Number of protein chains: 2
Amino acid sequence: MLSDNIYAALETVVGAENITASKEDLLCYSYDATNTTFMPDAVVFPVTAVEVSRIVELANREGFSIIPRGAGSGFTGGSLAIAGGVVLSTERMKQTLDIDEENLTATVEPGVITWEFQQDVEAVGLFYPPDPTSKKISTIGGNIAECAGGPRAVKYGVTRDYVLALEVVLPTGEIIKTGTSTMKGVVGYDLTRLMTGSEGTLGIITKATLRLIPKPQSVITMLVSFADIGAAAVAVADIVAARIQPSTLEIIDAFSIKCIEEYDPERLGGAGALLIIEVDGTEESASHEAARVREVCMAVGATGLETATGKQDVKTLWKARRSISPALFKLKPNKINEDVVVPRSKIMELMTGLEALGKSHDLIIACFGHAGDGNIHMNIMYDKTDAAEAARAEEAVNEAFELTLSLGGTISGEHGVGTTKAKYLDMELGPVEIALMRTLKETLDPKGILNPGKIFMDETVAEGSTAPNTNA
Amino acid sequence: MLSDNIYAALETVVGAENITASKEDLLCYSYDATNTTFMPDAVVFPVTAVEVSRIVELANREGFSIIPRGAGSGFTGGSLAIAGGVVLSTERMKQTLDIDEENLTATVEPGVITWEFQQDVEAVGLFYPPDPTSKKISTIGGNIAECAGGPRAVKYGVTRDYVLALEVVLPTGEIIKTGTSTMKGVVGYDLTRLMTGSEGTLGIITKATLRLIPKPQSVITMLVSFADIGAAAVAVADIVAARIQPSTLEIIDAFSIKCIEEYDPERLGGAGALLIIEVDGTEESASHEAARVREVCMAVGATGLETATGKQDVKTLWKARRSISPALFKLKPNKINEDVVVPRSKIMELMTGLEALGKSHDLIIACFGHAGDGNIHMNIMYDKTDAAEAARAEEAVNEAFELTLSLGGTISGEHGVGTTKAKYLDMELGPVEIALMRTLKETLDPKGILNPGKIFMDETVAEGSTAPNTNA
């Protein structure tokens, strides 16, 4: 609980209209996409970096923790107040400050919605590639904090590759500027990328300068069906090995297809696995690449291949793809969603390995995702009221991570570690690496103010609090 | 001076054939491209990460400093033993361990020569874009330590964008692994990019996994002449504003042309300024882009435009371009070479500003470089035996940096800070940012073992030692 004095001090910083501790409001900031909820003690909505800085200074003086929050769309608990504290929402810092058409850069506040920003830059012929599936609600600040990816990463890279410069409030309250808005810059250490993907534990992003590129002239979207996931996985590996650079290369397994086939039953239903493939470029180069993709897919025995025609058609297809994650709840009331990554040539082994894992543990493991960069969203579906099934699900996570790492992969491609993967951190990282990261955290945040209990298992956070206390 | 005991201990680690302290040998490791020399106390040539680690541990115990060195081709003194110490050369760690054609990655030791590596990957249809002009001698390890760029950065980005994973020996001797060899990965803090560009002050790179891309099918090289630098600068801005993505967009001013015109007098001579422009992609898309480039250049009054035909022709052109830096000594015996960057729309203001600066200080300032990303190599030519001219040169650097920063730029795009820019660091970075970087350095390297006196002005390094003691 926050004392009245601290609440009053926070109110002085942001104004009465930008702070709340009412139960109804707190509920709205208690969840994220993990379907767990933790009530914060208060929520503040600063509108300037100076306000953020003063809040952080106050936290250092008074000893309360701050949980930075974008849209709360994260999958690993990064924005959850797992041990109380003050949620610092960036939703009222949502101005696009500049779109520099001459230099192909833009400067935004952290609360800008990614999709809205993309619309704005595309209106002037520019392009901001990072496209997490949550983009219609997630924010640029949250995307940077998690180093979000998305379908287009296979060609264009992830959020990290588009962040040129940041304004950041450090855990001790100082406001710093990192990087430069120029295309190159190597003066001093790369604080920009140290902050990117640090999950709100090393600083609060209050402004970002992003790199834009010219919008591709032409995009061709294809839907390819296969008899089973093995054949689709082989197609993915073959496309990469053929040196084709699709702008999107998504895989969808049979469980996932079943959940979304209502969007377009004729097209989506019945297939054992699907690939959604996009190629882009000039009209000529996109056609050329599309023809090569078709050739590779037919060679590995695609059972159907069609090109989406017209904007509406493409939209329907992507609506179906984006619906997979929520639609999976048709299969079971609870899910564990992990975004493992393997080298692209190992997709086949991963997919068939996960299929076998589902069978041996009597679980539905629905897989879909960004196969083109080896990043698969595996969803273990279970019913938490069935204790035996829940235990099997937990075991399956462990074995899936072991499989992933044995294939040379990583346990998170774009969702981050947060709380849900903190206990698995040492499966991937060695003790020296973890110690170094903890040292960096302690050096920047000696009082442990910012987002405690994230990334690293934190003994100072109350026992059991990293486990969900509510599961919708 | 190194004690006999320490020398013997080093010899035990690397073997007698991998250490030297003979004067002749030390001389070979005393220089870099700044044309200054500082004699180290010894040079070691480890061949494994474990050897590197043991050397670093010894340094911590005995209190000597280590200066990591690739090819010594840096322009800012990063590999110079400015206060003695042991140079750790990576030249005997030069194996390409793996080129993974299925996953488009490669794993190399740090001493691999960049150009040789590029030849190897191109032989199998792959492409490693970073191409510092020093690439025929410089090493991947040095490129990563400095975050090298090059002409192709305008389209493909810099070294940072191609480093997936590293093996690094920390300043305290531990061997760590950073990143993953997969296309995505967000587990823990981004140590890979913290190391990239840290100029050998935070760790010694002993292995690197790099991202490759498919080799472009077709490259078209054009040479465009202009009456003066202003017209060429306008063409650069117009190409960027037209949303064209050349793979190379180099500018060469009249002073630089004069120094290299012997390579191809008919073509290079007489022009007021030149652009070398490359576009790449499929044959169709490259032709399409080349046509657009021609259109923009003619619209701003190019006085000549020709397309290089045949490999030999392209080679001659690039040989001329690469010869600029050494050829400038025809103008004056000494040079100060700075690689400033401005937003691309400000190239015109930078180039004309530098021209004016040269006039007002009665100095030759020869400019060329990667105009496409705003990165200009400005070379202040002077004679150090002329004290007045040397003083004017020093003043001009200061004013050039002020101009650059006033245009929203940075004082280094790809050369780093090293010793030559350390005293200007606070022109670009604020005290809080510098303090944070220093804290990171002290946290990772509490005894100041690795590359002391680089990036930051170091009071513990002997007075005056950051000034060149020899200037060839």
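**View 1. The largest nonpolar core has 178 residues.** Those with the most contacts inside this core are F117(A), F226(A), L275(A), F117(B), F226(B) and L275(B). A nonpolar core is a set of buried Ala, Val, Leu, Ile, Met, Phe, Trp, Tyr and Cys residues joined through side-chain atoms within 4.5 Å; buried means under 20% relative accessible area (1.4 Å probe, protein chains only). The model is predicted: local features need pLDDT of at least 70, side-chain atom pairs count only at pLDDT 80 or more, and totals for chains, interfaces and linings use all residues. Residues are numbered from 1 along each chain as its sequence is written, chains are lettered from A in the order in which they are written, and side-chain values use heavy atoms, without hydrogens or water.

**View 2. F226(A) and its contacts (heavy atoms within 4.5 Å).** Neighbours within four places in sequence are left aside. Among the partners are A231(A), L275(A), C297(A), V300(A) and T303(A).

**View 3. Chain A meets chain B.** In contact are 81 residues of chain A and 81 residues of chain B. The two chains bury about 6500 Å² between them, 64% of it on carbon and sulfur atoms. Buried area is the accessible area (1.4 Å probe) lost by two parts on being put together, summed over both. In chain A, K184(A), Y189(A) and R243(A) lose the most area to chain B, together 16% of what that side buries.

**View 4. A salt bridge joins K184(A) and E414(B).** Their closest N and O atoms are 2.8 Å apart. Eight salt bridges (a Lys or Arg side-chain nitrogen within 4 Å of an Asp or Glu carboxyl oxygen) are counted between chain A and chain B.

Technical notes. Buried means under 20% relative accessible area, exposed over 50%, partly exposed in between (1.4 Å probe, protein chains only).
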